[in-house]
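Colleague: I am new to reading models like this one. Could you walk me through a few features?

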Amino acid sequence: MKISRWYYVSLGIVYFFLLGPFLIIFAASFGAESTLSFPPRGFSLDWFANIFANDNFIRSFWTSLQLGLLSTFLSLLFGVPVAYALTHFDFKGAGLVETLFSLPILVPGLVIGLAMLNFFVLFGKFDMMMGLMAGHTAILFPYSVRVVSVALRNLDPAVEEAAVNLGANRLRTFLLIVLPNIRAGIAAAFILGFITSFNNVPVSVYLSAPGVNTLPIAMLSYMEYYFDPTIAALSTLLILFSLLLVQAAERVLGLSQFV
Amino acid sequence: MNVKRSTSLLTLVMLLIIPLISVQLSAQEETRTLVVSTFGFNQDLIDKNITEPFEEMYNVDIIYESGNNSERLARLEAMGENTEVDVIHFAGAYATRAKVLGLLQEIDVDALENYDELYEFAQDPLGDHMGIGHAINSHALVYRSDLIEEPITSWADLLREDVAGFVSVPEMSTTFGPANIIMLTAAAGGDPLDPEDWEMGWELVPDLADQLVTTYTRSSELIALYQQEEVWFSPYSSFARGNLMETGVELEFVIPEEGVVGDPIVVSIVNGTENEDLALAYIDFIISEEVQEAEALDLVDSPTNMNVEVPEDIAQLLTYGEETIDSLIFMDQEALNELLDEWLERWNEIMLQ
Amino acid sequence: MRRTVSILVLPALLFIFIFFVLPILFLLAQSFLDPETGQLTLTGYIDFFQKETSQIIYVRTLRLGLTITLINIVLAYPASYVLARMPARRRTMAMSLVILPLMTNPVARTYAWLIILGRTGLINNTLLGLGLIERPERLIYTEGAIILGLTQLFLPLMILSLVSAMENIPKDVEQAARSLGANGITAFLRVIVPLSADGLVLGATLVFTGSITAYVTPVILGGNRMLMLSTLLRQRSMMAFDEQGATVVAVVMIVTALAVNLIVRMLRPKPTAQR
């Protein structure tokens, strides 16, 4: 059936609104002037060079990368068994467990950050990196549990039954049959979790310490000092990074069905 | 997704994670570290003048925590005894607050070789030797001389009709927030140093609120506001003067007729530090003639070491020289500290209208 | 079976209990305790709801949340319809572009609006060039700026919810409506909208709760004067040294977000067979 042209116009408006600002950032990051204006005047790559000359950006990038990988890994390590239990057993309190693991998405990040800071200091000296890791792992649970659950539900039970019938125990079945079959789901959860952690501000903004700072927080403080296009240049790189990651993930995994 | 590709993806992830974990574990301390909490403004110049030579001289690593006064004070208070910070820089009001909260410890001034070279006001600005004034900051007016025709001469000009909508002042929660009230008091004909008169300043705040684009919490934010052409006229802190001049916009710096507010920038030792020796060495280093001169020449800070001499053109850009320093109005930080909560509340209520 | 379930669930439960539930409970307790005496008190809450400043901010937050949700619905509905009717391959591609803002560093995303809305930005320069205004207008630090920024952020969530609901609408239902004489718009309003109501409710809830708790956008585009609950919370805790006040704002935020979710869940029509 034919869709009226107005629907396409509205889709165009939506794309313009969602993606237009990114094109503007791309253009602004090549401007030659040290003030942020649009349209930019002149052409310069200085702002890109500036990013790599800034210690704080480089250090916080590595912190964010490390934090993102480790906390996503942890949330899957804890979360996959929960997803398995939720999809394979009909146990008392399953509903409660499901709600509990979706809570971190409902509680505002800023509240989680503040609560954690207030809580951690009760117990004496602590490593802020560990604090960040605990915080990020907690906020990633909703993603890891839900996405892996979806993948497990989509798995044909006959595959598993066959293995069990052939005498394999649950653990063996899980490792040899189930896990390989839900790889796509796990990879999707990993990418989603990593992006969520890598981009997080509200939790990280409370959990910083001397020398421990994530990239988005470093960007926010840079913006308070300077208004030159360095942040535009860095944003350009980060947007391209997201674009590549999302494109790859969408093509291979169908990421948008899990968001 | 085919099996091969996903297996290699998982392997890749593992390969990335394992070295990261081992890096975390093997990060043992070799040289000592000193954690310094500071503003983070002009950090590249500070690194050149202070961090690098100090690290080399004492074989230490300095780790910085940066942020504005209130953020760092809030964090220091929240972390309590768990803080890693050894030395902390604050503007006067926050140093006073930190002292009152018991977060600082007495500085053994006998251990400071350069102590006697300091101006008197810088030797013990908080009392009980809880801090050393390592720089002096002043608070005056600046405006866009290309956009504002009639020259700015007074704090009262903040309320002028032709600048309405282009004014910014520091947020009440910042160092010079209370200075808004104090200098408006002077503008209204009151005595800026007499708490009895401060109500006169408060009466002008609703009018001031109507003039504002936004308030600012850091000088850097003010610089951005000038660059974006959001702001044409504002009070400014002298340490930001160099950066303001680099914005490329046409600015005129004014010493208003009611006077200029002075505020020592204080360095203190955090209560319970395990690195008192390094902390003292650091303080002694930054008040030395040599470092203070380097910082002055780079327009980072105005010196409090009396022996520092700078050329005339630099001197004009700083809060420099005995005469200038004698003319500064120093706020009564202890009295303001008592009032701050009430003032914050009152300020917020007016600003939100 | 019980043992297996325990082994699977307990480690994660323990983790989330220690690192999430306990801190939140502790924060809840803090909001009811007098910071000086340690006595139970309601002063924090009384202060919050009596103060005009926090009333204004609370109402503003809810109002902005509602506005953003409505704008999102209007923008997303027709666009989602096109996306839902696309062939699978093209839709995959199209959706990956839709979700890009969600996946992008929030500072980067919001920074774009500064370039667009600043005094030397795109809009002001365009209007000046066309001679429509004489001097640049202030566009940032306004409610409008926050609305724009948050709409860009949450539109993808709305679209995702709507598209997944619309996918399940059989094409022949709509054809039937048309063959009975309904024109395009009538068919859309009478058939598509009711059948995708589930997605609408889900999307609206996500967008509303997201908007009233968002942090980066109000910080960058709202400045110090256009405070929302989140920026008030940050100000209370980090600038005003009002630890109890901060925890009160935090609790108000959680309760509001959870209440909206709960109310929606209660009012929601029985799920259709397909979902």
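Colleague: Which residues are buried in α3(B)?

Modeller: First, a caution: this is a predicted model. Burial is a matter of counting neighbours: a residue is buried if 20 or more other C-beta atoms lie within 10 Å of its own. In α3(B), the buried residues are B:N69, B:S70, B:E71, B:R72, B:L73, B:A74, B:R75, B:L76 and B:M79. The helix is largely enclosed by the rest of the structure, because nine of its 11 residues are buried.

Colleague: What covers the buried residues of α3(B)?

Modeller: The cover includes β1 (32-38), β2 (60-66), β3 (87-91) and α4 (92-100) of chain B. It also includes α13 (229-238) of chain C. After α3(B) comes B:G80, and its phi is positive, near 55°.

Colleague: Now a strand. How many residues of β6(B) are buried?

Modeller: Start with the general idea. In a regular strand, side chains alternate between the two faces of the sheet. Now the case here. Strand β6 of chain B spans residues 233-237, and five of its five residues are buried. On one side lie B:F233, B:P235 and B:S237. On the other lie B:S234 and B:Y236. Both faces are covered.

Colleague: Which strand is joined to β6(B), and how do the two run?

Modeller: Look for bridges between strands. Strand β5 of chain B, residues 132-144, is joined to β6(B) by five bridges. The two strands run antiparallel. For one bridge, find B:H139: its partner in β6(B) is B:S237.

Colleague: Next, helix packing. At what angle do the axes of α2(B) and α11(B) cross?

Modeller: Look at the axes before the side chains. Helix α2 covers residues 43-58 of chain B, and helix α11 covers residues 276-286 of chain B. Their axes come within 11 Å and cross at roughly 130°. That angle makes α2(B) oblique to α11(B). The crossing is right-handed.

Colleague: Which residues of α2(B) and α11(B) meet?

Modeller: An α-helix has 3.6 residues a turn, so residues three or four places apart point the same way. In this case, α2(B) brings B:I50, B:F54 and B:Y58. They meet B:L278, B:A281, B:Y282, B:F285 and B:I286 of α11(B). By class, the contact has eight nonpolar residues, no polar and no charged ones.

Colleague: And between chains? How many residues of chain B are in contact with chain C?

Modeller: The size of an interface is often given as the accessible area lost when the parts come together. Here we count residues instead. Chain B has 17 residues in contact with 17 residues of chain C. On the chain B side, α3 (69-79) and α15 (333-352) each give two or more residues. α15(B) gives the most, with five. That side divides into five nonpolar, seven polar and five charged residues.

Colleague: How many residues do chain A and chain C give to their contact?

Modeller: Chain A gives 71 residues and chain C gives 70. Several helices of chain A take part, including α1 (5-28), α3 (55-88) and α6 (128-154). α1(A) gives the most to the chain A side, with 15 residues. By class, that side has 55 nonpolar, 13 polar and three charged residues.

Colleague: What secondary structure does chain C have?

Modeller: Chain C has 14 helices and zero strands. Its C-alpha atoms fill a box of roughly 75 × 75 × 30 Å along the principal axes. Of its 275 residues, 52% count as buried.

Note on methods:
Residues are numbered from 1 along each chain as its sequence is written. Chains are lettered from A and ligands numbered from 1 in the order in which they are written. This is a predicted model: local features need pLDDT of at least 70, side-chain atom pairs count only at pLDDT 80 or more; totals for chains, interfaces and linings use all residues. A residue is buried if 20 or more other C-beta atoms lie within 10 Å of its own, exposed if 12 or fewer, and partly exposed in between; C-beta atoms are placed from the backbone. Helices (H or I, at least four residues) and strands (E, at least two) are DSSP runs, numbered from the N terminus. Two strands pair if DSSP finds at least two bridges between them. Axes are lines fitted to C-alpha atoms, for helices over the stretch in contact, and angles run from 0 to 180 degrees between N-to-C directions. Angles under 35 degrees count as roughly parallel, over 145 as roughly antiparallel, 65 to 115 as roughly perpendicular and the rest as oblique. A crossing is left-handed if the near helix is turned anticlockwise from the far one by less than a right angle, and right-handed if clockwise. Two residues are in contact if their C-beta atoms, placed from the backbone, lie within 7 Å. Ala, Val, Leu, Ile, Met, Phe, Trp, Tyr, Cys and Pro count as nonpolar, Asp, Glu, Lys and Arg as charged, and the others, Gly among them, as polar.
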